[in-house]
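Please keep the sequence and the 3D view open while going through the points.

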Amino acid sequence: MSVSLRRRVYVIQGQVQGVGFRPFVWRIATGLGLTGTVGNTSQGVRIEAQGTQDALDAFERRLQGDLPPLARIARTVRDDADPVPGETSFDILRSAGKGSHTVLVSPDVGTCPKCFAEMRDPGNRRHGHPFINCTDCGPRYTITRSIPYDRAVTTMACFPMCPACAAEYADPGDRRFHAQPIACPSCGPRLWYVETGGADGSVDAMRATPEEVLEQTALSRTPPTVQDDPIGLAARALRQGKIVAVKGLGGFHLACDARSPGSVATLRHRKRRPHKPLAVMVRNAEGIADIVDLDPLRRSLMEGPERPIVLCPRNRKASTRQLPDLIAPDSRDIGVMLPSTPLHMALLERMATMRGMPPILVMTSGNPRGEPLCLGNREAIERLGGIADALLLHDRDILVRVDDSVVAVREDPEPGERAPVPLRRARGYVPRPVRLSGSGPTILGTGGELRNTLCLVRGREAFVSQHIGDMENPATSGFFEETAAHLERLLEVRPQGVVCDLHPDFQATRHARARAVRDGLPLWHLQHHAAHAASLLAEHRHDGPAIVVALDGTGLGDDGTIWGGEVLRMDLQEAAWERVGGLTTFPLPGGDVATRNPWRIALALERLLKREKFPRWERANAPDARLVAEMLEKGINCPMTSSCGRLFDAVSARLGLCEATTYEGQAAVRLETLALQAHHWRNRAFKVCGPTLYLPADGHEGMMLIDAPSAYASVLKDLAFGYPMPEVAARFHANIAKGFADIAIGLAHRYGIEDVGLTGGAMQNALLAWYIARRVAKAGLRPMLHRQVPAGDGGISLGQAVWGRRMLALGRKGDSW
């Protein structure tokens with residue numbers, strides 16, 4: 001009796017290359033007795049499967065339900081074909097094809113448990129190998145030049161496989177089948193250790209110049225000599241209190257012993273980073289469990305394939321001997337990550353064999369302050385020679401700079417619910433796309449000036465780049481160009497339009513203008529907070545109207561003032577928005593100088609309230625205070641702002657928490673940290689509030705505004721009443737939250753809108769975001785918060801790109817160049 005055979009053709013699009021998808025297909029197909037082929041093409045993975053109807057149906061079910069850990073299917077196109085007579089096997093084809101495609105490159109993936117187990121096994125041929133990987137883990141995005149993803153287009157192309165690795169690579173039943181970075185001690189990258197001539201961990205200058213080190217070590221692609229134990233040398237240096245630059249996946253880390261106050265202080269001094277939090281790395285979650293509060297969600301994030309830095313609340317019982325306060329002096333949270341590479345794990349495990357407490361390493365970005373990550377060996381010697389005492393190098397090139405991702409866990413409006421929130425989206429997440437509600441042309445969004453990212457939309461997907469940084473540095477501007485070129489090459493797209501910020505002097509704006517002129521593209525300018533709002537709505541695939549509360553530090557408004565405390569009404573589908581509420585304006589004496597010296601802003605608000613007695617910080621800054629008072633009186637260099645972030649800075653200064661900042665957001669972080677010390681703040685959130693602060697404003701066309709001086713005055717009243725400082729800080733948070741929530745609720749009712757979005761850098765403040773979202777939810781409205789891209793400026797490029805797509809679809813002309 002003859003068996004009726006059918007043949008089906010599938011094109012699978014999504015994250016299906018470099019993740020073990022083809023051997024997965026081969027295993028289920030051969031297991032079901034199917035014949036045919038599977039191969040990578042630029043359109044996706046193409047499968048031709050032939051067999052009985054029942055076998056093909058089972059194949060389809062398993063294809064969707066039993067995916068490899070890293071695979072993600074975005075779209076499946078299925079068609080029938082004529083059976084092929086005499087076909088007897090199911091084969092994996094070599095990659096082929098170029099041109100337009102919808103293939104996704106996988107992000108870099110943290111080392112999997114199986115590889116770690118092999119690395120620890122003395123009987124395994126990869127025992128101790130610091131570059132071990134398989135199809136379930138290892139470098140991807142940072143080593144890939146183009147698609148299809150094959151070894152020839154990665155930085156592993158210059159490492160010929162040994163016979164043993166080649167056999168594994170060619171065996172569909174092996175875990176390393178077509179694992180493009182496959183290597184072993186015989187054929188893989190080599191590691192070596194270099195002393196820079198550092199001053200034994202002290203804060204004195206280096207003994208040798210970078211040029212002398214380069215001359216002495218003759219660094220190139222390969223090490224000058226083979227060292228017996230470079231990891232042991234680096235581990236001993238760290239135990240001795242030295243600073244070691246370690247070459248990782250997307251760049252260098254600067255590492256030191258996190259338990260040593262002297263080492264941490266030296267690192268801070270050399271990097272000119274006095275207060276900004278430092279992340280730490282431990283071998284496993286147990287290694288930090290007695291120092292931070294590690295709940296199941298944070299632990300699962302820490303151990304997941306992305307391996308981000310996870311913010312964890314400091315355990316109040318932990319002593320400074322376990323981890324000095326100098327790690328994160330302004331915050332209750334400590335950023336913790338597990339090793340994302342076998343090299344990091346090998347370093348920690350070697351340290352664990354030495355005398356001393358279980359190792360905890362500071363692991364911070366390997367760059368001088370304000371500059372991009374170091375990428376290559378020679379570059380690291382030159383740029384980090386004045387910071388690191390030694391370097392742990394290897395000869396596998398890094399193609400793309402990618403920093404560590406940072407994730408927090410936040411309370412959802414629904415009681416008892418929590419969710420991860422990205423604060424910096426980079427390694428482990430990029431280039432994973434954000435799914436959009438509809439398809440459209442390719443648009444480039446160039447982001448903002450601080451915490452820059454760029455975004456390319458392609459079809460139904462938006463590709464937000466890794467964290468690029470602050471654009472005022474020329475080197476960062478070059479990194480922006482590198483990233484744009486690499487993403488366009490990887491996605492095989494060319495933008496059909498460009499969107500940038502309204503501010504004409506931003507470097508990102510200049511890049512956008514130059515690109516539009518060079519390629520003859522339409523250019524649109526989108527106001528900063530409107531871009532925040534569009535980013536949030538795009539992330540939620542929300543095309544209808546919404547009320548969006550956008551709170552942050554700075555963004556040029558379309559009226560020439562500095563915005564930052566805004567309530568907008570936006571319809572993304574119609575590419576329309578308007579400002580309908582927010583904070584009243586107040587002066588910033590000295591402009592940007594005031595953002596670095598919050599006492600100036602507090603003094604301005606005190607003057608607006610006509611207070612005759614001024615606090616100690618005016619006396620401490622007497623000469624400058626007199627100058628500021630004169631500037632305010634004459635209105636000289638005092639731009640007006642409605643910034644929520646600057647209001648928080650002023651309150652922080654008034655409470656004596658932060659009169660001058662060393663990093664963006666420092667004053668507000670200290671204020672939030674103080675507020676978190678108030679007892680049972682969640683239960684009392686809406687009982688501690690004073691009078692409602694919002695009002696329909698005369699002369700503002702029906703806008704609903706919070707009076708900024710009145711909000712500041714509420715803090716002065718609480719101080720006069722004698723509330724404890726944490727309570728004063730918590731009450732201020734709740735007051736501002738109640739004001740913005742009530743404005744959003746009132747405007748939603750006015751316009752018949754049910755959705756309220758919360759965005760902007762201030763929404764990374766856990767108290768503020770939770771207060772507003774909870775009150776909005778209690779009013780029967782639907783709050784939307786960021787869950788895929790940062791609420792801060794790292795997310796606005798998404799909003800810009802999606803906005804430009806709508807402008808092009810609606811036939812709106814671009815602005816003048």
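1. The structure is a predicted model. Start at arginine 569. Leaving aside neighbours within four places in sequence, arginine 569 is in contact with Ala546, Ile547, Ala576, Trp577, Glu578, Val580, Tyr751 and Ile753. The residue is part of strand β24, which covers residues 562-571. Its relative accessibility is 30%, so arginine 569 counts as partly exposed. Arginine 569 and serine 4 are separated by 565 residues in sequence, and their C-alpha atoms are 60 Å apart in space.

2. Strand β2 (residues 35-41) holds threonine 37. Is threonine 37 buried or exposed? Threonine 37 has a relative accessible area of 18% and is buried, because buried means under 20%. Apart from neighbours within four places in sequence, threonine 37 has contacts with Arg46, Ile47, Glu48, Phe90, Asp91 and Leu93.

3. Next come the cysteines. How many disulfides are there? The count is zero. The cysteine sulfur closest to that of cysteine 115 belongs to cysteine 137, and the distance of 3.7 Å is too far for a bond, because a disulfide needs two cysteine sulfur atoms within 2.5 Å. Cysteine 184 is in no disulfide either: the nearest cysteine sulfur, in cysteine 162, lies 3.6 Å away. Cysteine 115 is buried, at 0% relative accessibility. Cysteine 184 is buried as well, with a relative accessible area of 1%.

4. Two packed helices are described by the angle between their axes and the distance between the axes. Helix α21 (residues 725-751) packs against helix α22 (residues 766-778) at an angle of about 40 degrees, and the axes are 8 Å apart. The angle makes α21 oblique to α22. Their crossing is right-handed. On the α21 side, the residues in contact include His733, Ile736, Lys738, Phe740 and Asp742. On the α22 side, they include Leu767, Tyr771, Ile772 and Arg775. By class, the residues of this contact of α21 with α22 are twelve nonpolar, one polar and three charged.

5. Helix α15 contributes Pro598, Trp599, Ile601, Ala602, Leu605 and Glu606 to the contact, while α18 contributes Arg646, Leu647, Asp649, Ala650, Ala653 and Arg654. The contact of α15 with α18 has eight nonpolar residues, four charged ones and no polar ones.

6. Some backbone angles deserve a check. Which residues does the cis peptide bond with omega of about 15 degrees join? The bond joins valine 430 and proline 431. Proline 431 is in the loop between β16 (418-424) and β17 (434-435).

7. Histidine 178 is not a glycine, yet its phi is positive, at about 55 degrees. The residue sits in the loop between α4 (163-170) and β7 (191-195). Histidine 178 counts as buried, at 19% relative accessibility. Arginine 307, also not a glycine, has a positive phi of about 50 degrees. Its place is in the loop between α8 (296-303) and β11 (309-313). With a relative accessibility of 8%, arginine 307 counts as buried.

Definitions and conventions: Residues are numbered from 1 along each chain as its sequence is written. This is a predicted model: local features need pLDDT of at least 70, side-chain atom pairs count only at pLDDT 80 or more; totals for chains, interfaces and linings use all residues. Side-chain values use heavy atoms; hydrogens and water are left out. Buried means under 20% relative accessible area, exposed over 50%, partly exposed in between (1.4 Å probe, protein chains only). Axes are lines fitted to C-alpha atoms, for helices over the stretch in contact, and angles run from 0 to 180 degrees between N-to-C directions. Helices (H or I, at least four residues) and strands (E, at least two) are DSSP runs, numbered from the N terminus. Angles under 35 degrees count as roughly parallel, over 145 as roughly antiparallel, 65 to 115 as roughly perpendicular and the rest as oblique. A crossing is left-handed if the near helix is turned anticlockwise from the far one by less than a right angle, and right-handed if clockwise. Contact means heavy atoms within 4.5 Å. Ala, Val, Leu, Ile, Met, Phe, Trp, Tyr, Cys and Pro count as nonpolar, Asp, Glu, Lys and Arg as charged, and the others, Gly among them, as polar.
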